[in-house]
Amino acid sequence: MSFNLRFTLSKPGRNLIIAIVAGLVAGVILQVLKILYLFVQYNLLVESGWVIPIFTSIFVVAPGLLGFVDVFFNAIAVYFLDPLLSTVYTDRQYYTVFLVTAVFGKIG
């Protein structure tokens, strides 16, 4: 005994399913972006006592043009400075220099 279940959808039905899935995906993306903004540094919030973004904003950038520019210039700096620093410092010293300069850069 076998069951042969087949579903056929009309073109409007397929479009409706695509719209529902696209809406769900867009909603999830918007929620993720809201969460990301909690980790991006805003100086007014840091001055009022929210210090977590000083550390998280080292790794998380704001979506958009400013975030792209930040990542672009960081990549250029790593490209030119990495060969100089990696030959002079051990791994532990290298990452310590990275974290200390990043935190002081975010504070300043």
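Which residues does Ser-57 touch, not counting residues up to four places away in sequence? Phe-39, Val-40, Gln-41 and Lys-106. Contact here means heavy atoms within 4.5 Å. I'll come back to that serine.

Ground rules. This is a predicted model: local features need pLDDT of at least 70, side-chain atom pairs count only at pLDDT 80 or more, and totals for chains, interfaces and linings use all residues. Residues are numbered from 1 along each chain as its sequence is written, and side-chain values use heavy atoms, with hydrogens and water left out.

Confidence next. pLDDT is the predictor's confidence in each residue, from 0 to 100. The chain's mean is 79, and 88% of its residues reach 70 or more. Helix α5, residues 91-107, has the highest confidence, at 85. The lowest is in α1, at a mean of 77.

Now the fold. Five helices, zero strands. Along the sequence the pattern reads α-α-α-α-α. Helices (H or I, at least four residues) and strands (E, at least two) are DSSP runs, numbered from the N terminus. Of the contacts with a separation of 6 or more, 41% join residues 24 or more positions apart.

How much of the chain is buried? Of the 108 residues, 11%. Buried means under 20% relative accessible area, exposed over 50%, partly exposed in between, with a 1.4 Å probe and protein chains only. The chain exposes about 9300 Å², and carbon and sulfur atoms supply 74% of that. Accessible areas come from the Shrake-Rupley method with a 1.4 Å probe; for residues, only the protein chains shown count as cover.

Back to Ser-57. It sits in the loop between α3 (52-56) and α4. Ser-57 counts as buried because its relative accessibility is 3%.

One of its contacts is Val-40. Val-40 lies in the loop between α1 and α2 (43-47). At 9% relative accessible area, Val-40 is buried too. Beyond four places in sequence, Val-40 touches Pro-53, Ser-57, Val-60, Val-61 and Ala-62.

Leu-38 belongs to α1, residues 11-39. Leaving aside neighbours within four places, Leu-38 contacts Trp-50 and Pro-53. Its C-alpha is separated from that of Ile-52 by 9.0 Å.

Which residues make up the largest nonpolar core? Five: Val-46, Ile-54, Ile-58, Ala-102 and Val-103. Such a core is a set of buried Ala, Val, Leu, Ile, Met, Phe, Trp, Tyr and Cys residues joined through side-chain atoms within 4.5 Å. Ile-54 touches Gln-41, Val-46, Val-103, Lys-106 and Ile-107, setting aside residues up to four places away.

Last, the surface. Leu-65, Phe-68, Val-69, Phe-72, Phe-73, Ile-76, Tyr-79, Phe-80, Leu-81 and Leu-84 make a nonpolar patch of about 1100 Å². Patch residues have over 30% relative accessible area and no salt bridge; nonpolar side chains (Val, Leu, Ile, Met, Phe, Trp, Tyr) are joined within 5 Å, like charges within 9 Å. A salt bridge puts a side-chain nitrogen of Lys or Arg within 4 Å of a carboxyl oxygen of Asp or Glu. Leu-65 is in α4, residues 65-88. Leu-65 counts as exposed because its relative accessibility is 65%.
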